[in-house]
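Dear colleague,

Please find below the structure I wished to hand over to you. My notes on it follow.

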Amino acid sequence: MAELSITERWKPQHGVSLNEAFRTWLRVAALSFGGPAGQIAVMHRILVEEKNWISEGRFLHALNYCMLLPGPEAQQLATYIGWLLHRTTGGLVAGGLFILPGIFAIMGLSYIYAAYGNVGFVEALFFGLKAAVLAIVIQAVVRVGKRALRNRIMIALAAIAFIAIFFFGAPFPLIIVAAAAIGFAGARLGRPEFAAIEHGGKSSAAIDSMLGEAIPDHVRPNASRTLRVAVTWLILWLVPVFALLIALGPNDVFSQIAIFFSKMAMVTFGGAYAVLAYVAQQAAEYYHWVSPREMLDGLGMAETTPGPLIMVVQFVGFMAAFREASGLPPMLAATLGGLLATWVTFVPCFLWIFAGAPYIEALRGNKPLAGALSAVTAAVVGVILNLSIWFALHTLFRQTFPVRGFGLSFDAPVLSSIDLPALLLSIAAATAIFRFNVGMLVVLVTSCIAGVLLRLAGVI
């Protein structure tokens, strides 16, 4: 008899082999379209309802923790569940497969964009994408808002967060920390407004987990193991950053990519759309790596490919290095820049899960933690609204002007520069999504076709 592979020999007590898990995570990755809401829904359907691998309660507890972390919550949720099932190997398989298809897809699209982005056909394609992306971002505001803004306090938190970040340029981390502190204090005081948010709606009763309700041995908190994990992942994350700084200096584009996306990995709390607000504004307005319209094109790529929306960072890193090639052939520099941005963005995600998840498992049922999550989610609604308006300004208007003074810091549209074809196409995409419940991929493809037809008709 042929010798069994390592994955075949290892079959944990819960009965799910690593080979079976690999096939399932590959399936999840292939279906991970539609942003974090859609990706989490896919995981819930497959892992909780279909496979019965993990209980409803444990799934939602893991999701709560991932929503409090910086970075893409859906990818981190996959890593968390993979780690619960098969330790570190399972987390690497689940989290790695979740992003692998997007890495290849975004890289291919970035090559096409850099080489042919100024060709009429490609411009028309992305013109249509922008309109659909705007409608999808607005849908995200509505979806998260319906779940999070359940009372006047939550509505007030969202409104304050929006005003602070849009009109006054308040730092995003400050908004999140303040919201978490308010939620934590409110829950400690027993205020019902800060009760835990239910994810997944009024479905059937909790599914019995194959892991059981007890904490598995490999999940129990252990200080020495936590230290080893933290040191390992900090080395993987930060050694390349410091090596680039020493070799190339702080002003080189590769050093700037490494530093910026490392900072992003630490401060961008609140989910994919909140992360994108930070990346879009910094990459376009501070570093000038991409224009606002190019940022929309990149988001369109991320929306149409499997994997987390934050994979748009690969496009941003690609374009930054493409334009400042540091003596390398532009396409080679761009490839390295895109992969570097991806590396420093996602390595910290594994650190947060492998180091922090054991302690979060020990905090299941903690009401103050749930209150902090509720308040953070409400504030994130305001941040996503800020993102949607920022996208709308640069999609529907050809020109904007800065408004500064009296503490204000925002861009306002030049009303006469409105782009009527973009406005009409955005309205059509929003109508398809909200009125007729058309699927996201159908809307994206149809919008792209409409953009090409408008170009052929000479309208754009």
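How many salt bridges does a search of the whole structure find? The search finds seven. Please bear in mind that this is a predicted model.

Two of the pairs involve helix α2 (residues 18–30). In one, the side chains of K51 and E20 form a salt bridge, with an N to O distance of 4.0 Å. This pair links distant parts of the chain, 31 residues apart: E20 belongs to helix α2, while K51 sits in the loop between α3 (35–50) and α4 (56–68). Both residues are partly exposed, K51 at 26% relative accessibility and E20 at 25%.

In the other, R27 pairs with E50, and their closest N and O atoms are 2.7 Å apart. R27 is partly exposed at 33% relative accessibility, as is E50, with a relative accessible area of 43%.

A further salt bridge joins E193 and R191, with 2.8 Å between the closest N and O atoms. Here E193 is buried, its relative accessible area being 17%, whereas R191 is partly exposed at 42%.

As for the chain as a whole, its secondary structure comprises 17 helices and two strands. Of its 460 residues, 55% are buried. Among contacts between residues at least 6 apart in sequence, 76% join residues at least 24 apart. The accessible surface comes to about 19,700 Å², and carbon and sulfur atoms account for 67% of this area.

With kind regards

Notes:
Residues numbered from 1 in each chain as written. Predicted model: local features only at pLDDT ≥ 70, side-chain atom pairs only at ≥ 80, totals over all residues. Heavy atoms only, no water. Helix = DSSP H or I, 4+ residues; strand = E, 2+ residues; numbered from the N terminus. Buried < 20%, exposed > 50% of the residue type's maximum accessible area, 1.4 Å probe, protein only. Contact = heavy atoms within 4.5 Å. Areas by Shrake-Rupley, 256 points an atom, 1.4 Å probe, with all protein chains shown as cover.
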